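Me: I would like to learn how to read a few local features in a structure. Could we go through them one at a time?

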Amino acid sequence: MSEILVLIDHADGSVDKSSLELLTAAKSAGTPVAVFVGTAEAAQQAAPTLAEYGAERVLVASDPALTEYLVAPKAELLASLVESQQPAAVFVSASPEGREVAGRAAAKTDSGIITDAVDVTPDLVATQSVFAGGYTITGKVVKGTPFIAIKPNSISAEPSQGAGSVEEISFSPSDAAKTARIVSVEEKPASGRPNLTEAAIVVSGGRGTNGDFAPVEAFADAVGAAVGASRAAVDAGWYPHANQVGQTGKTVSPQLYVAAGISGAIQHRAGMQTSKNIVAVNKDDEAPIFELADYGVVGDLFAVLPQATDAVNAR
Ligand code: FAD
């Protein structure tokens with residue numbers, strides 16, 4: 001079966017969930033081959049997880065310049081692997097970095113690219129959801145090696161054992177690729193909550209919180225959820241932009257999404273409408289969010305969420 005290169009995102013060998021989703025998509029279309037940029041030790045740590053999700057081979061590129069400089073070295077790496085490995089396709093996560101790396105590598109290899117895909121069929125037809133989910137487009141790359149950037153949380157990661165054999169590759173980026181050096185990386189202070197795009201449960205607050213996210217956070221902590229926010233709440237300065245869900249924020253697809261004090265504007269839906277179960281708490285029974293919700297509570301979030309929190313904590 002033809003191989004599909006998958007660029008792995010990780011933190012010191014701890015593999016991002018989005019990369020497991022890419023491996024699952026690659027498995028349905030061919031033989032997944034993980035491209036791991038990092039130290040040999042981090043690769044050894046990641047290899048069992050990558051194998052568990054179907055990677056047959058793990059190609060490890062450990063030249064420090066690959067991580068000391070922004071995007072261009074990784075784009076060179078992918079372009080060189082396309083040349084040497086002749087894969088059927090290259091999958092990357094549709095993160096800002098993933099899109100840029102894939103775009104540059106596609107240009108270098110004279111290939112086509114599809115970004116923000118939400119699904120890929122075994123014959124590499126990609127689905128894109130555009131205009132806040134208003135239109136669905138299917139497309140196929142017809143030139144060169146298809147590069148496909150897949151949105152996190154669009155595909156469920158399914159374990160599927162691969163051999164996971166680790167192969168060190170010798171690759172050093174050219175001086176021309178060393179254009180923008182990373183000066184510092186600041187880690188966000190840990191909130192103790194799960195990562196928004198990876199959480200099984202997300203509890204989001206909107207303008208209805210009137211700036212008081214305490215009941216949203218208390219309920220989120222009771223159920224082990226990440227906290228999200230509508231753009232109205234973010235624009236008002238009530239919650240950080242990193243927590244914004246929607247067209248211009250993050251896309252989430254948890255098992256359970258709770259929208260509290262959020263009307264359900266199309267741009268908000270674009271970031272959460274693929275959640276498996278949606279619960280809305282809104283005091284307006286005509287709020288559009290109820291059209292989308294599996295369960296709705298018409299009521300004041302300042303009464304409903306504390307009751308729900310107490311009920312969960314009493315268990
Ligand atoms: P509102 O629409 O004002 O709704 C507040 C809701 O809270 C109302 O339904 C009200 O009934 C309810 N409420 C009030 N008080 C309570 C209470 N005490 N208890 C329970 N319910 C209560 N929005 C996003 O969220 N994410 C995006 O990424 C995004 N991107 C955008 C991009 C563009 C280009 C544009 C034009 C807009 C974008 N928006 C986005 C904004 C979007 O159109 C809406 O304005 C926004 O989602 C509204 O946020 P909201 O639901 O919190 O506020």
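Reply: Glu-76 is buried (under 20% relative accessible area, with over 50% called exposed and the range in between partly exposed, using a 1.4 Å probe and protein chains only), yet Glu-76 has no salt bridge, and the nearest side chain of opposite charge, that of Lys-108, is 4.6 Å away. A salt bridge here is a side-chain nitrogen of Lys or Arg within 4 Å of a carboxyl oxygen of Asp or Glu, while for charge Lys and Arg count as positive, Asp and Glu as negative, and His and the chain ends are not counted. This is a predicted model in which local features need pLDDT of at least 70 and side-chain atom pairs count only at pLDDT 80 or more, whereas totals for chains, interfaces and linings use all residues. Residues are numbered from 1 along each chain as its sequence is written, and side-chain values use heavy atoms, with hydrogens and water left out.

Me: Where does Glu-76 lie, and which residues is Glu-76 in contact with, leaving aside its neighbours within four places in sequence?

Reply: Helices (H or I, at least four residues) and strands (E, at least two) are DSSP runs numbered from the N terminus, and Glu-76 belongs to helix α4, residues 72-85. Contact means heavy atoms within 4.5 Å; with those sequence neighbours set aside, Glu-76 is in contact with Lys-108, Phe-171, Pro-173, Ser-174 and Ala-177.

Me: Which residues of α10 are buried, and which are exposed on the other side?

Reply: In α10, the buried residues are Leu-301, Val-304, Leu-305 and Thr-309. Seen down the axis of α10, they fall within an arc of 130°, so they line one face of the helix; the arc is that of the directions from the helix axis to the C-beta atoms. Gln-307 and Asp-310 are exposed on the other side of α10, while its buried residues pack against α6 (214-223), β14 (256-260), β15 (277-282) and β16 (295-298).

Me: Which residues have a positive phi although they are not glycines, and are they buried or exposed?

Reply: Leu-124, with a phi of about 65°, lies in the loop between β7 (113-120) and β8 (126-130), and Leu-124 counts as buried because its relative accessibility is 12%. Asn-210, with a phi of about 55°, is placed in the loop between β12 and α6, and Asn-210 counts as exposed because its relative accessibility is 63%.
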